[in-house]
Amino acid sequence: MNIRMHIRMHIRTWMAAWLTVAAAGCQEAQYQAVKLRMIAGDVEAQVERGAVFVPRGGVLMVDVVPESTSDSPDYKGWEMLELDSTQPGVAQVRPAIVRDAWVVNGVQVGSARLDVTIDGQHVDSIDVDVEEVDR
Amino acid sequence: MALIVGACGDEGHGTASNAELGVLGYAQFQWRCTGNGDLACEPEFESTLPRHVALGARFDLDFELAERVPDSLREGSLVLASPVGMRASSFDYETTAPGLVTLIALTADGAVVDFARFEIREVVELEIVHDCERLYETDDDGREVSLCGQAVEATQPMGAMLSVRVEPFGGDDPLMGDLDYTWESRTPDRVSVSVEGRGGNEAQLELLRPGAAEIVVRTGSVEQVLSLEIEAGPVDASGPRRTRPGSETDGDPSDSSDTETTTETDAGSEGSGSTGGIQ
């Protein structure tokens, strides 16, 4: 093996390694669900896995944490996370000024669903129940 | 249903300094009285944001963002979490059904900054108490005392002028918001009633002649009667006074036995005590 061939092989090995690393870095994240954590809201408001409860006229503020699949990069925070209510007449959802925090408010008694998308891809659905609360 | 912030200036008879941070601490909400029948603008109540609001009452609310919120978010608006229970117009809110109501402060692009919650309750009882312009005043001995919110003594001297006001209650809590009241003397030859403005919660009573006298105040279907015994002889008209906390002449708590109210609630012909709604 002459010196030229040795250098060429070395460059190929280095480029292959670099491309492998670059490909891993650019791998599109895959999310399987989102985890909700209650930040603030009415005492009657509740968060359970995959569902939230809000009293009519009340609010619930949640931190939304996407959970990626085991072979996928974690959520970084610069992705476009969005929540949309299927029934805005029952429950509305708005982003808060705090990052990845969302506020759900109960408009009318009934059920709705919050569709969670990240970079336009549907990731999860959260059931919302709005009920009248006697105080 | 959105309202532009700052749509209402100071009105009513109070100074309306009821400002308080919202639940998240990012915005300070400011209560505004829209008329002269709002208890929230009385000296004892104007230091906190009301939490219990009377059914059928009117008020205005706006907010300012806290210092730590970036300037780029400063423009904003208020929206109701639920249109049920409250009606919003361009200049005030009016409560329309009992229950929980939340007002959400938004930035110009619709992000939630903060929120404030209120509970709307029916008025089930009225109380007639001493009124005042300032919470504490100095008496002849230099003590800071207050008649504000104290019960009116049953026995009063002829010739006295009493400043009274009515307080609406729902459960154990006084209820805020502007309501329309009507005042009437059932014994106009013994006591005259004058009310400043229309539907106000304050009245001046002039005790004209000795004898039993009655004053009635109403809002919706709830009414309260203040029964007085007007005496011709000299009577200490000062009534029960509370001294400023920490004052060297703090009153003896046992003195509160003198504060027994002489008013009685007339719940109407049904005697249910329910308001039947104040619309």
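This is a predicted model: local features need pLDDT of at least 70, side-chain atom pairs count only at pLDDT 80 or more; totals for chains, interfaces and linings use all residues.
Me: How many residues of chain B are in contact with chain A, and how much area do the two chains bury between them?

Reply: On the side of chain A, 21 residues take part in the contact. Of the area buried between the chains, 64% lies on carbon and sulfur atoms. The values asked for are 24 residues of chain B and about 1,700 Å².

Me: Which side chains meet in a salt bridge across the interface of chain B and chain A?

Reply: The rule finds 1 salt bridge across this interface. The cut-off is 4 Å from a side-chain nitrogen of Lys or Arg to a carboxyl oxygen of Asp or Glu, and the N to O distance here is 3.1 Å. The pair is Asp42(A) and Arg117(B).

Me: Which strand gives the most residues to the side of chain B that touches chain A?

Reply: Both β9 (99–107) and β10 (112–121) of chain B supply at least two residues to that side. By class, this side of chain B has 18 nonpolar, 4 polar and 2 charged residues. With 6 residues, the strand that gives the most is β9(B).

Me: Which residues stand opposite Asp60(B) and Arg58(B)?

Reply: Strand β5 (residues 58–65) of chain B has 7 of its 8 residues buried. It runs antiparallel to β3 (residues 27–32) of chain B, with 6 bridges, and antiparallel to β8 (residues 93–95) of chain B, with 2 bridges. Opposite Asp60(B) stands Arg32(B), and opposite Arg58(B) stands Glu94(B).

Terms used. Residues are numbered from 1 along each chain as its sequence is written. Chains are lettered from A and ligands numbered from 1 in the order in which they are written. Side-chain values use heavy atoms; hydrogens and water are left out. Contact means heavy atoms within 4.5 Å. Buried area is the accessible area (1.4 Å probe) that two parts lose on being put together, summed over both. Helices (H or I, at least four residues) and strands (E, at least two) are DSSP runs, numbered from the N terminus. Ala, Val, Leu, Ile, Met, Phe, Trp, Tyr, Cys and Pro count as nonpolar, Asp, Glu, Lys and Arg as charged, and the others, Gly among them, as polar. Buried means under 20% relative accessible area, exposed over 50%, partly exposed in between (1.4 Å probe, protein chains only). Two strands pair if DSSP finds at least two bridges between them.
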